[in-house]
Amino acid sequence: MQTDKGRLRYHGQEQREYVAELLATVCTDVHVSCRPDQAAELPATLQPLPDRFLDLGPLGGILSAFQLDPNAAWLVVACDLPFLSTDTLNHLVAHRQPGKMATAYQSPHNDFPEPLITIWEPSSYATLLRFLSLGYSCPRKALINSNVAVLKAPDARELRNVNTPEEREAAQRELG
């Protein structure tokens, strides 16, 4: 994308603020994963969660969350989902299966779970660390190879990632 996806605007505000507001409808506390150097740049309304596991991408953010509170279940949502709604988040929370390592949506593009719209249970912390120790930094690999609940999204279009300038322009047209 060549720019910070969290700072893109689709709904009249930065996407990171929009997603934080969505999450606040289903979560007690909302944190924004970021690199340590980005924490000071966040608006005062957002609570930063600086990465403690550097250069690991999304896995670093998830592991940093578990370092903050290893006993919490963490609902992780990527900032590049401009079509996401509270209905989809409510569905995920309502169908959560705490006895599994995680509850995730199935990708609309394949049969794999989407790691960045997932509820990661406390038991997943050790599993993610084990996968990291084996050299795997992709949270999807941990989901694929573990006991997880995989749900179909009520509206699969809401799970569309925006990763390129062309996809961004298309999303902005669709959202008006």
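This is a predicted model: local features need pLDDT of at least 70, side-chain atom pairs count only at pLDDT 80 or more; totals for chains, interfaces and linings use all residues.
Helix H2 gives the most to the lining of the largest pocket, contributing six residues.

**The largest pocket**
- The volume of the largest pocket comes to about 1,400 Å³, and of the 47 residues that line the pocket, those closest to its centre are His31, Val32, Ser33, Val76 and Val77.
- At least two residues of the lining come from each of helix H1 (15-24), strand S1 (32-34), H2, strand S3 (74-77) and strand S5 (113-120).
- By residue class, the lining of the largest pocket divides into 28 nonpolar, nine polar and 10 charged residues.

**The packing of H2 with H4**
- Helix H2, which spans residues 58-68, packs with helix H4, residues 124-133, at an angle of about 135°, and their axes lie 10 Å apart.
- The crossing in which H2 passes H4 is left-handed.
- On the H2 side, the contact involves Leu59, Ile62, Leu63, Phe66 and Gln67, which meet Ser124, Tyr125, Leu128, Leu129 and Leu132 in H4.
- The residues of this contact of H2 with H4 comprise eight nonpolar and two polar ones, with no charged residue among them.

Terms used: Residues are numbered from 1 along each chain as its sequence is written. Side-chain values use heavy atoms; hydrogens and water are left out. Axes are lines fitted to C-alpha atoms, for helices over the stretch in contact, and angles run from 0 to 180 degrees between N-to-C directions. Helices (H or I, at least four residues) and strands (E, at least two) are DSSP runs, numbered from the N terminus. A crossing is left-handed if the near helix is turned anticlockwise from the far one by less than a right angle, and right-handed if clockwise. Contact means heavy atoms within 4.5 Å. Ala, Val, Leu, Ile, Met, Phe, Trp, Tyr, Cys and Pro count as nonpolar, Asp, Glu, Lys and Arg as charged, and the others, Gly among them, as polar. On a 1 Å grid over the protein atoms alone, a cavity is a set of points where a 1.4 Å probe fits but cannot get out, and a pocket is an open set with protein on both sides within 12 Å along at least five of seven lines; lining residues have an atom within 4 Å of a point. Grid points are joined across faces, edges and corners, and a volume is the space filled by probe spheres set on the points.
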